[in-house]
Amino acid sequence: MNMVSKPVISSFLKKIIRYELPLLGTGIAIYAVLFYAIDHHFYGPILSNFVIVFALFKIIYILVYTFKRLAAHLDECCSFYDLIAVYGIIIGLIVFSFAADYYCLQSCLPESFSGLESTLGLVETAFDFIYFSVVTFATIGFGDITPVLMKAKLLVIIEIATSFIMIVFVISNFDKIHTPRGADNSK
């Protein structure tokens, strides 16, 4: 990586750490408090509405504010590899946040998804939802885990729409990838 590109990624990572990670951390803390302090089996339908609303606002925030900051950095960004790193971080945040949403929805309404074993522990279930989120974001849809309830299907639709928006943003800004003036391209 050349010397010019390090400050761009570093400043963008600092902003992700400053804005997106606290948002996701706050969301996870709210989920934890709600799901362990409140009987989520009894209040499942109410809490599941919270999961949907929170997921929608969270993804709007991530898309709008992250894309604004990313568009501002595109003029400074030096290479294809810098953009791949930044997009990878954003996609990772989105995938993990949806995995948390799926997990919480399944905790509220255990019949939300089919294809999951009810005897799995916390780690195995979390891994299944990370896998499901990756497959959904990539719009592959193997069908081994499927949404059953309308709220689960709505979350899947939101993730697929997010994936589509990300792809359109990347393609529409592909022409802005450049090498800074004075950089040595022979390496």
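Author: What follows is a chat about the labels and what stands behind them.

Author: This is a predicted model, where local features need pLDDT of at least 70, side-chain atom pairs count only at pLDDT 80 or more, and totals for chains, interfaces and linings use all residues. Residues are numbered from 1 along each chain as its sequence is written, and side-chain values use heavy atoms, with hydrogens and water left out.

Reader: What makes up the chain, in helices and strands?

Author: The chain has 5 helices and 2 strands. From the N terminus on, the order is α-α-α-β-α-β-α. Helices (H or I, at least four residues) and strands (E, at least two) are DSSP runs, numbered from the N terminus.

Reader: How do you know that the span of helix α4 agrees with what it should be?

Author: The expected span of a helix is 1.5 Å times one less than its number of residues. Helix α4 covers residues 122–137, and its 16 residues should therefore span 22 Å; the end C-alpha atoms are 22 Å apart, so that agrees.

Reader: Why is S112 called buried?

Author: Buried means under 20% relative accessible area, exposed means over 50%, and partly exposed is in between (1.4 Å probe, protein chains only). S112 has 1% relative accessibility, so it counts as buried. You'll find S112 in the loop between α3 and β1 (113–114). It touches L105, Q106, T146, P147, V148, L149 and A152, not counting residues up to four places away in sequence. Contact here means heavy atoms within 4.5 Å.

Reader: And what makes C108 and I59 count as buried?

Author: Same test. C108, in helix α3, counts as buried because its relative accessibility is 2%. I59, in helix α2, has 4%, so it counts as buried. I59 touches I94, F98, I158 and T162, leaving out residues up to four places away in sequence. The C-alpha atoms of I59 and F98 are separated by 9.1 Å, though the two are 39 residues apart along the chain. For C108 and F42, 66 residues apart along the chain, the C-alpha separation is 8.5 Å.

Reader: Why is I130 called partly exposed?

Author: I130 has a relative accessible area of 26%, which is why it is partly exposed. This residue lies in helix α4 and touches V95, F96 and A99, not counting residues up to four places away in sequence. Elsewhere in α4, the buried residues include F129, F132 and V135.

Reader: Which residues are buried in α5?

Author: Among them are A152, L155, I158 and M166. Over the chain, buried residues make up 40% of the 187 residues.

Reader: What makes something a nonpolar core?

Author: A nonpolar core is a set of buried Ala, Val, Leu, Ile, Met, Phe, Trp, Tyr and Cys residues joined through side-chain atoms within 4.5 Å. The largest one has 33 residues, of which I94, F98, Y102, L105, F113, L155 and M166 touch the most other members. At least two residues of this core come from each of α2 (44–74), α3 (80–108), α4 and α5 (150–172). α3 gives the most, with 12 residues. L155 touches V51, I52, A55, F98, D101, Y102 and L105, again not counting residues up to four places away in sequence.

Reader: Why is a pocket called a pocket?

Author: On a 1 Å grid over the protein atoms alone, a cavity is a set of points where a 1.4 Å probe fits but cannot get out, whereas a pocket is an open set with protein on both sides within 12 Å along at least five of seven lines; lining residues have an atom within 4 Å of a point. The second largest pocket holds about 230 Å³ of space. Its lining has 13 residues, and Q106, E117, S118, L120 and T125 lie nearest its centre. α3 and α4 each supply at least two of the lining residues.

Methods
Points joined across faces, edges and corners; volume = space filled by probe spheres on them.
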